[in-house]
Amino acid sequence: MTNTIAIVGGGISGTLTVLNLIKQSKNLLHIIWFDAKNQFCKGLAYSTTDEQHLLNVRANNMSIFVDEPNHFVNWLTHNYPQYSSHDFAPRKLFGEYVLATFNDLKNINPFITIQQIAEEVIDIEKKENIFEITTTQTYTAQKVVIALGNFLPAHPRSVSKKFIESENYFQNAFHSTIIEKAIIKKNITVIGSGLTMIDVLISLHHHSFSGKINIISPHAYIPQAHAENALPSVKPFIEENKLYQLQELLSLVNQQLKKAKTEHLNSQSVIDVMRPYLPFFWINFSLNEKQQFLRHLRHKWGVARHRAPSESMAILKKLESSHIIHLVKGRLVDIKSMDDVFEIHFSDSKIGQQSFKTEFIINCTGPESDYLKIPAVLVQNLLKNKIFTPDSIHYGINATKNGEISPDFYTLGPPLKGILWESTAVPEIRHQAKELAAKIICN
Ligand SMILES: Cc1cc2nc3c(=O)[nH]c(=O)nc-3n(C[C@H](O)[C@H](O)[C@H](O)COP(=O)(O)OP(=O)(O)OC[C@H]3O[C@@H](n4cnc5c(N)ncnc54)[C@H](O)[C@@H]3O)c2cc1C
């Protein structure tokens, strides 16, 4: 009998699950693969058409296959010889690579058939041992993988309907019309100062924006540049299989950072050495430790692990030195929508409450990950029918560390953030997808 697997989500998580099923399955398998936006093989991150939006991981760590570490570099240097393994290639090319790999492999396994459906899944129900997956039609499958990825950021707190519906406010920083609307303004504001903000600045710069850009965030931390001509890395300092408590791990990292400073080593490598182990520690942290991390360390960790290529950071510096950028440290208190202009009220412990006016606002605060607040119909239906629940810290879905939500129902990638903490980048997703495919096939 042919087993049917439904995969909901055509981004990297869904694609790598499909590719690993193709590579591993030795039995008849039919895959029904859904994507609401017809962004198969690319998803949000790699659908960009802006060549200046670069990967923030070097090419030599962006292979989609665990067992073929040079897979991306070989494709890249063959098709675009101007790039090397050490480069931060355009994200657009990475999307092209994933699509080309899917097209190369989709017919190689005679046991597998794939049906791609460019429709939004609005409900999934389990009736006896069969899942019913609803779009405009109903499909059935024995197993389901939900790879829903990143959702749009939450709107700023307590804003009006008028603000949300304004044509000068963009909740989606990657919206196709955003730049053409922004460049005709004299004063725009970006809320949030992470990697999405960098992408927006790059696109604005590329389109010769010459007005003023306010960037507001509670700590005004900006991403670091990847160290060029890096100093030697620190030596591995994590004891294999030891379960560190949060405080213990923190002192160890601080100790290594001091050592890196005194011995002229690359301080970023302290984070790089620790990062692959973090999911293992995270799973074993108590709820209290996780909450402590979220309260005191989340922003610092974000800055330490989110790094941008130095080419991208050079653009930010250029905009800073030409006084186009104005970085504001403060928490948003209110945004008043007036005629043709917004008034942003913010507060900071040092300066108290202040305000400024702006014509255009782009939300770069990062994806909403509290599933109770995500308005997507599928999410609402799955919560209502208790098909899944949020994890204990509300950063994704409750599941095992291997992505099992309930028997025959799985997830991977960003929805596992609350369970693993680091679960959104390609180096993490490629491992998850390989293991998930093996589990699906053998169960
Ligand atoms: C701007 C950006 C840059 C990044 N850069 C890097 C990088 O350089 N290196 C790196 O390692 N990582 C990077 N990442 C992180 C990582 O690659 C992404 O998080 C990853 O692509 C996530 O893939 P995904 O498939 O889980 O999610 P997504 O790409 O968000 O895809 C999810 C897909 O699911 C579909 N979907 C959702 N709901 C439904 C539904 N109900 N029915 C049907 N379809 C649905 C959506 O249409 C979407 O196409 C970046 C992320 C972003 C956002």
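**Parallel sheet**

I looked up the open sheet of 5 strands and read its order as β8-β17-β9-β10-β13, with parallel pairing. Two strands count as paired if DSSP finds at least two bridges between them. Strands here are DSSP runs of E with at least two residues, helices are runs of H or I with at least four residues, and both are numbered from the N terminus.

The model is predicted: local features need pLDDT of at least 70, side-chain atom pairs count only at pLDDT 80 or more, and totals for chains, interfaces and linings use all residues. Residues are numbered from 1 along each chain as its sequence is written.

Which strands stand at the edges? I found β8 (169–170) and β13 (325–329) there, each with a single partner strand, so one side of each has no neighbour in the sheet. I then followed β8 to its partner. It is joined by 2 bridges to β17 (residues 360–363), and the two run parallel. F170 has I362 of β17 as its bridge partner.

Helix α6 packs on this sheet and touches β9 (187–191), β10 (212–217) and β17. Its direction makes about 180° with that of β10. For such angles, axes are lines fitted to C-alpha atoms, for helices over the stretch in contact, and the angles run from 0 to 180 degrees between N-to-C directions.

**α6 against α12**

Next I checked α6 (residues 195–206) with α12 (residues 310–321). Their axes come within 10 Å and cross at roughly 65°. The pair is therefore roughly perpendicular. I noted the classes: under 35 degrees is roughly parallel, over 145 roughly antiparallel, 65 to 115 roughly perpendicular, and the rest oblique.

The crossing of α6 and α12 is left-handed. That term applies if the near helix is turned anticlockwise from the far one by less than a right angle; clockwise is right-handed.

Which residues meet? From α6 I listed I198, L201, I202 and H205; from α12, S312, I315, L316 and L319. By class, this contact has 6 nonpolar, 2 polar and no charged residues. Contact means C-beta atoms, placed from the backbone, within 7 Å. Nonpolar covers Ala, Val, Leu, Ile, Met, Phe, Trp, Tyr, Cys and Pro; charged covers Asp, Glu, Lys and Arg; the others, Gly among them, are polar.

**α2 against α3**

I repeated the check on α2 (residues 71–79) and α3 (residues 91–105). The axes come within 11 Å and cross at roughly 105°. These two are therefore also roughly perpendicular to each other. F72, W75 and L76 of α2 make the contact with L93, Y97 and A100 of α3. By class, I recorded 6 nonpolar residues, no polar and no charged.

**Ligand shell**

How many residues surround the ligand? I got 32, and the closest are G9, G11, G43, G149 and G413. A residue is counted as near if its C-beta atom, placed from the backbone, lies within 6 Å. The elements that give two or more residues to this shell are α1 (12–24) and α15 (426–442). The largest share, 3 residues, comes from α1. The shell divides into 16 nonpolar, 13 polar and 3 charged residues.

**Antiparallel sheet β4-β5-β6**

I moved to the open sheet of 3 strands, in the order β4-β5-β6 with antiparallel pairing. Its edge strands are β4 (123–127) and β6 (138–141), and each pairs on one side only. The twist averages 25° from one strand to the next.

β4 pairs with β5 (residues 130–134) over 5 bridges. I picked out E125, which stands opposite E132 in β5. D123 has T134 as its bridge partner. The hairpin of β4 and β5 has 2 residues between the strands, and E128 takes a positive phi near 55°.

β14 (residues 331–338) and β15 (residues 341–348) run antiparallel and are joined by 7 bridges. M338 stands opposite V341 in β15. Which residue of this hairpin takes a positive phi? I found D340, near 60°, in a hairpin with 2 residues between the strands.

β15 also pairs with β16 (residues 352–358) in the antiparallel sense, over 7 bridges. The bridge partner of E343 in β16 is K357. The hairpin from β15 to β16 runs through 3 residues.

Definitions and conventions. Contact = placed C-beta atoms within 7 Å.
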